Amino acid sequence: MPDYNDPRSVRVSVGIYERLLTTYPAAFRKEYGQSMKQLFRDQCRDAWNESGRVGMVFLWLRVLADWARTLVVEHLSNLNERKFSFMNALRSFTANPRLRAPFLRVFLIVIIPAIACSLLVVFASPRIYSSTVRLETHPFKFAGSPSSPDPASANPVAASDPYFMITQIKIIESWHILTSVITDMHLNKILPGQLGKKPWTIDETYTYLAKMVNAEQTPMTGLIEINVKNESPILAANIANKIAYWYKEDKKNQWRELRNSSDIKLMPDSDFVVVRDPARPGRKPIFPNPRIITISILGGTLLALIAGGIAALFGMISRASPQRRIS
């Protein structure tokens, strides 16, 4: 029987917890239900006396986490003990109107708007085009010295660098290169103009442009691909080619600085960066694609299943017969 000397918050919490206990298997409730209820009542009293409503909130957070974990464990254990297969459990669920009705009702209510909204977002999003420029880059070549004609022995930098390609990719995506492109093409006005906004600062434009640019090494080759995505296929191609141009200029400046400041002799200036495949305007948008649509549908279905399962669980709790309640 409830103790009416307890505060109302404690009595209400104990009543809710009593309903939660009905979700455990019958054998588990019979053996541990009464002691669990008494323990929870004592914890509620302690939490209320120490911290009031705040203490009750933290207590419920711990109790709900433990309830969700033990509920799954005990039901799985119960299924194993009774040797229920998945199909038997599924047939039992579909045959029980107390579980089936709220599940199907909420599932249908949730899945249709969820999938519709997901597809609407996908198809309403602006079409994005992709353009790629491929370039070949080489490390600087050293002439060596009369006593040591081997370039590697003349300067350790001339030795093979296993991180050369990774370093060059990071340079391409660096602030120095991208801000040069921004200034050259006035992207701080063009890019916000596409969004109907006022001109950005260089910092804001760089942050936006960095998300549009992706540089990576072409698999099984010594080439670097610079990929740019934008609503305008022409602008995407121009940005990709301009990034390759400024990277090539930066490479030449490095060669000149190293030649003027170092005692080591460098090989004559040559094409350390060669554009093998200039970027061209993309003809087909990359969004929407089947992968995004599939993810949207699966995500909406998963959300509906979760919502339906929660509805069935609460329906089972609310319809629990008084004979199953723990006094």
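I started with the largest nonpolar core, which has 32 residues. For this I joined buried Ala, Val, Leu, Ile, Met, Phe, Trp, Tyr and Cys residues through side-chain atoms within 4.5 Å, with buried meaning under 20% relative accessible area (1.4 Å probe, protein chains only). Leu 187, Leu 209, Ile 226, Val 228, Ile 239 and Ile 243 have the most contacts inside this core. Elements giving two or more residues to the core include β1 (129–137), β3 (223–230) and α11 (233–261); I took helices (H or I, at least four residues) and strands (E, at least two) as DSSP runs, numbered from the N terminus. The largest share, 8 residues, comes from α11.

This is a predicted model, so local features need pLDDT of at least 70 and side-chain atom pairs count only at pLDDT 80 or more, while totals for chains, interfaces and linings use all residues. Residues are numbered from 1 along each chain as its sequence is written, and side-chain values use heavy atoms, with hydrogens and water left out.

Next I looked up Ile 243. Leaving aside neighbours within four places in sequence, Ile 243 is in contact (heavy atoms within 4.5 Å) with Ile 172, Ile 177, Leu 178, Val 181, Val 213, Ile 226 and Val 228.

There is also a second, separate core of 17 residues, with Val 14, Tyr 17, Leu 20 and Leu 21 among them.

Then α8: which residues of it are buried? I found Ile 177, Leu 178, Thr 179, Ser 180, Val 181, Ile 182 and Met 185. The buried residues of α8 pack against α7, α9, α10, β2 and α11. After α8 comes His 186, with a positive phi near 55 degrees.

Notes:
Buried < 20%, exposed > 50% of the residue type's maximum accessible area, 1.4 Å probe, protein only.
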